[in-house]
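Here is a short briefing for a reader new to this structure. Look at the sequence and the model first, then read on.

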Amino acid sequence: MLPQGSTGEVFRAFLKLGLTSFGGPIAHLGYFRQELVLRRKWLDEAAYADLVALCQFLPGPASSQVGFALGLMRAGPLGALAAWAAFTLPSALLLVAFALGASLFSGPLGQGLVAGLKLVAVAIVAHAVLGMARALCPDRERATLALAAAALVLLVAGPLAQVGAIALAALAGLMLRLPGAASGQGPAAAARAPVSRRTGLVCLALFALLLVGLPLAVHLVPSQALAVVDAFYRAGALVFGGGHVVLPLLEAEVVRGGWVDAQSFLAGYGAAQAVPGPLFTFAAYLGAVLAVPPNGIAGAALALVAVFLPGLLLLVGVLPFWQAFRARTGARAAMAGANAAVVGILGAALYDPVFTSAVTTPAQFTLALACFVLLTAWKAPPWVAVLVAGLGGMAIAAA
């Protein structure tokens, strides 16, 4: 199926998201849904939930993988690269600037701004959960599966609980013969990525080759640049759950390895919470502050590409086989259950970590609620809620 959009269209859409998507990977999925599913109608709710479920199964940065896939489906390989660059580079450049001494987030007002931007994530995720629940949990069976998935993720620690919740819900959907959206009809047809099976197999082989070959290459040909690529590639390849889950892997590589001191690591992590876009761009900060070359701009570029590459290779490798799988009748029933689990996982994330980390006072709850009303009752675009939350957060800090 030929792509339906242009590279420029994809770049503009994702640049807007890259500049305004605060709040971490779960919030990013809410922003994507608002902008690309509801407003631009690139694909429908069922196809979007299918894609989210797939990326939850794969290691790597889930929201960035979803964005990359959306760009691929919309405008082919160049669209995929445009989506990744536009969504990733704003936060990466801000973090490199922070690493080079341009601290933008210090002081009470800066901290209030960060707090406000966390609050808008509460509203964005709540809005996404509400809308997806209406579309993907229309009956008691799927509503119950969503509840069970939320309970499992909240009560069982660890990112693998998400994978388990989706797998169990998919099995339940198959056993209950839940009605699934027909493949290839309406906007859902846009969810077919222009990737052949041969290309998919090449990407899977390249993923495995780099995962095994880079440590061997570092051993055989000692090179700091090669060691940096190996360390960040392995961190991106072996993390499930994305976002915060990659932090202990990165800490093990760069802090325990003596490349970055613990204080600089924590300072960069704090800055990463305050910028829009994917948390994986923290790798750009770490690459810039490495104690030995390559560091600075070169180190940031190496680390950034290396940490994202494995997840994107896996995604492209799996997509053509995923499309064939989801076209089967039994698979559609399983995906109906999996989609319900995605709603439950988003609902669980709305509570922890989104709500619990952002709302600690009545004033903050009021601001988050105001942003939610803006999105739901006033139908305001997300950037308006971001602006209101940022200004409100600074006002609360000043008071």
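A residue counts as buried when its relative accessible area is under 20%. By that rule Trp84 is buried, and so is Phe308. The model is predicted.

**Aromatic pairs**

- A pair of aromatic rings is described by the distance of the centres and the angle of the planes.
- The count of aromatic pairs comes to 11.
- Trp84 and Phe308 make an edge-to-face pair, with 5.5 Å centre to centre and 80° between the planes.
- This pair links distant parts of the chain: Trp84 sits in helix H4 and Phe308 in helix H13, 224 residues apart.
- Phe308 also pairs with Phe280; the ring centres are 5.7 Å apart and the planes stand at 55°, so this pair is tilted.
- Phe280 lies in the loop between helix H11 (262–273) and helix H12 (282–288), while Phe308 is in helix H13, so the pair ties together parts 28 residues apart in sequence.
- Phe280 and Phe308 are both buried.
- Elsewhere, ring pairs join Phe14, Phe32, Trp42 and Phe87 into a cluster.

**Leu70**

- Leu70 belongs to helix H4, which spans residues 62–99.
- Is Leu70 buried or exposed? Leu70 is buried, because its relative accessible area is 3%, and the cut-off for buried is under 20%.
- Beyond neighbours within four places in sequence, Leu70 is in contact with Phe14, Phe32, Leu36, Trp42, Leu43, Tyr48 and Leu51.
- Phe14, Phe32 and Trp42, among these contacts, also belong to the ring cluster.
- Val254 lies 184 residues from Leu70 along the chain, and their C-alpha atoms are separated by 32 Å.

**His127**

- His127 is found in helix H5, residues 107–136.
- The relative accessible area of His127 is 13%, so this residue is buried too.
- Not counting residues up to four places away in sequence, His127 touches Arg33, Gln34, Phe372, Leu375 and Thr376.

**Helices H13 and H14**

- Helix H13 (residues 296–326) packs with helix H14 (residues 329–358) at an angle of about 100°, and their axes are 7 Å apart.
- H13 is therefore roughly perpendicular to H14, as angles of 65 to 115 degrees count as roughly perpendicular.
- Which residues meet in this packing? From H13 come Trp322, Phe325 and Arg326; from H14 come Ala331, Arg332 and Met335.
- By class, the contact of H13 with H14 has four nonpolar residues, two charged residues and no polar ones.

Terms used: Residues numbered from 1 in each chain as written. Predicted model: local features only at pLDDT ≥ 70, side-chain atom pairs only at ≥ 80, totals over all residues. Heavy atoms only, no water. Helix = DSSP H or I, 4+ residues; strand = E, 2+ residues; numbered from the N terminus. Buried < 20%, exposed > 50% of the residue type's maximum accessible area, 1.4 Å probe, protein only. Contact = heavy atoms within 4.5 Å. Axes fitted to C-alpha atoms, helices over the stretch in contact; angles between N-to-C directions. Parallel < 35°, antiparallel > 145°, perpendicular 65-115°, else oblique. Nonpolar A, V, L, I, M, F, W, Y, C, P; charged D, E, K, R; others polar. Phe/Tyr/Trp six-rings, centres within 6.5 Å; stacked < 30°, edge-to-face > 60°.
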